[in-house]
Each structure stands twice: as C-alpha cells, then as structure tokens.
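Trainee: I want to learn how to read the packing in a model like this. Where do we start?

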Amino acid sequence: MVNASIARNIVGIIGLNVISFGLFFSPAPTFYKIIKKKDVEEFKPDPYIATVLNCAFWVFYGLPFVHPNSLLVVTINSVGLVFEFVYLTIFYVYSKNKGRKKLLLYLLIEVIFFALIVLITMLALHGTTSRSLVVGIICDIFNIMMYVSPLTVMAKVIKTKSVEYMPFWLSLANFLNGLCWTSYALIHPLDIYVLISNVEDVPKPTVAAV
C-alpha cells in the first residue's frame, strides 16, 4: 500500500509543479502576440494582476511559521510570481500611458494590502493554527478572485462573438490545475484551504483567462 505522504508528494509534484507550471506558462502565446504587434490591443491585465496577489498569499501561507509542511505550495507559487511579473512587465511596456498608470496603481494597492496582512498575521496572531486559519481564508478568497477575473473579458467575447481573447489552452490548464490541487488537498493530512480554493474550479473547464 502506498504511503499517504508519498502519494501526496507525487500528486503535489505532478499537480502543483508540472501542471501548475503549464498553467502559468499558458499565456505565453498571448504575450508573444503582444510583443510581435507591439500593442496590447484589447487584452486586459486583470487576470495577471489577480494572480500576482494570489501567488503572493499562497507563498506566505506555505511558509513554515504559517502552515508547516507546505513546501510544494511555496515552490510553484514562487515560480508563478516570476511568470506573472514577466507578463505584467511586457503588458506595461506595450500599454498606453493610461494603461500603465492603472497597472501601477493596482500593483501598489496589492503591495500595501499584502504588507498589512503579513504584519497583522505575524504580530497579532500566534501559532500556526490561527495563522493558517486567517491566511488560508484570505488565500481562498483571492484564489476564487483569480478564477473569476477572466470573466472581465466576457463582454468582449460576447460583443465580438469570438473567443480570441479567451484562449482554450489556458482554460484547459485551469481545469487540470484545479483537479490536481483538489486531489493533493484531499490526501492526508487534509488541507481544507487548498481544497476550498480549487474544488470550485474543477467543474468549470470552460472558464479561461486572457
């Protein structure tokens, strides 16, 4: 019989690192198109801005003094942060001035908010149980926001009757990513916060980001 810890690590390596890496890499064709045309056109940065904060909170959640034994959560979300900052840098370079100011404003708000949560968690909460509870709930909220953020392009899809701005491969990667994270969370020891934030995405493989 396979040890639960080994099974969890296998699912974690496949799901959290391989498939999640694919999820983070899936917008690459979109940004290749932006670089080639030197214009962001109708593409929106909303999903990537949401993902930056989402990854940052999951990295914080996975640290030993918040939620022990979550190294795989830290590694893949750290990689995700790098990807998202690269995407946002490209978006910034090829955006108009109005788009650049909006992007910087949102990132500044995210940095301030993240710093406040870290300070409150470390100074006001003691022990990994209470820290896991608070940070875990916040992670769930922003993970759901990350999955919902692509819906901001739905008006464009309906208006143009084209899914050009909602790529299929990112949709598929989102679905597989949610499936693997859900499996990882269910294997002992149960991680309720990882489970909640991903189980809602499993039945919806059609939801995609730009």
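Mentor: With a definition. A nonpolar core is a set of buried Ala, Val, Leu, Ile, Met, Phe, Trp, Tyr and Cys residues joined through side-chain atoms within 4.5 Å. Buried means under 20% relative accessible area, exposed over 50%, partly exposed in between (1.4 Å probe, protein chains only). This is a predicted model: local features need pLDDT of at least 70, side-chain atom pairs count only at pLDDT 80 or more, and totals for chains, interfaces and linings use all residues. Residues are numbered from 1 along each chain as its sequence is written, and side-chain values use heavy atoms, leaving out hydrogens and water.

Trainee: Which residues of the largest nonpolar core touch the most other members?

Mentor: F31, I34, F57, Y61, L88 and V194, out of 40 residues in that core. Elements giving two or more residues to this core include α2, α3, α4 and α5 (97-124). Helix α3 gives the most, with 11 residues. Helices here are DSSP runs (H or I, at least four residues), numbered from the N terminus.

Trainee: What does L88 touch?

Mentor: Contact means heavy atoms within 4.5 Å. Leaving out residues up to four places away in sequence, L88 touches P45, Y48, I49, V52, L103 and L107.

Trainee: How do I read the sides of a helix?

Mentor: An α-helix has 3.6 residues a turn, so residues three or four places apart point the same way. Take α2, residues 28-37: T30, F31 and I34 are its buried residues. They lie on the same side of α2 because they cover an arc of only 90 degrees around the axis, taken from the directions from the helix axis to the C-beta atoms. P29, Y32 and K36 are exposed on the other side. The cover over the buried residues of α2 includes α3 (46-62) and α4 (71-93).

Trainee: How is an aromatic pair described?

Mentor: By the distance of the centres and the angle of the planes. Rings of Phe, Tyr and Trp (its six-membered ring) pair if their centres lie within 6.5 Å; planes under 30 degrees apart count as stacked, over 60 as edge-to-face and the rest as tilted. The whole structure has 14 aromatic pairs. F57 and F114 form an edge-to-face one, 5.2 Å centre to centre, with 65 degrees between the planes. This pair links helix α3 to helix α5, 57 residues apart.

Trainee: Is F57 buried or exposed?

Mentor: F57 counts as buried because its relative accessibility is 0%. F114 counts as partly exposed, at 23%.
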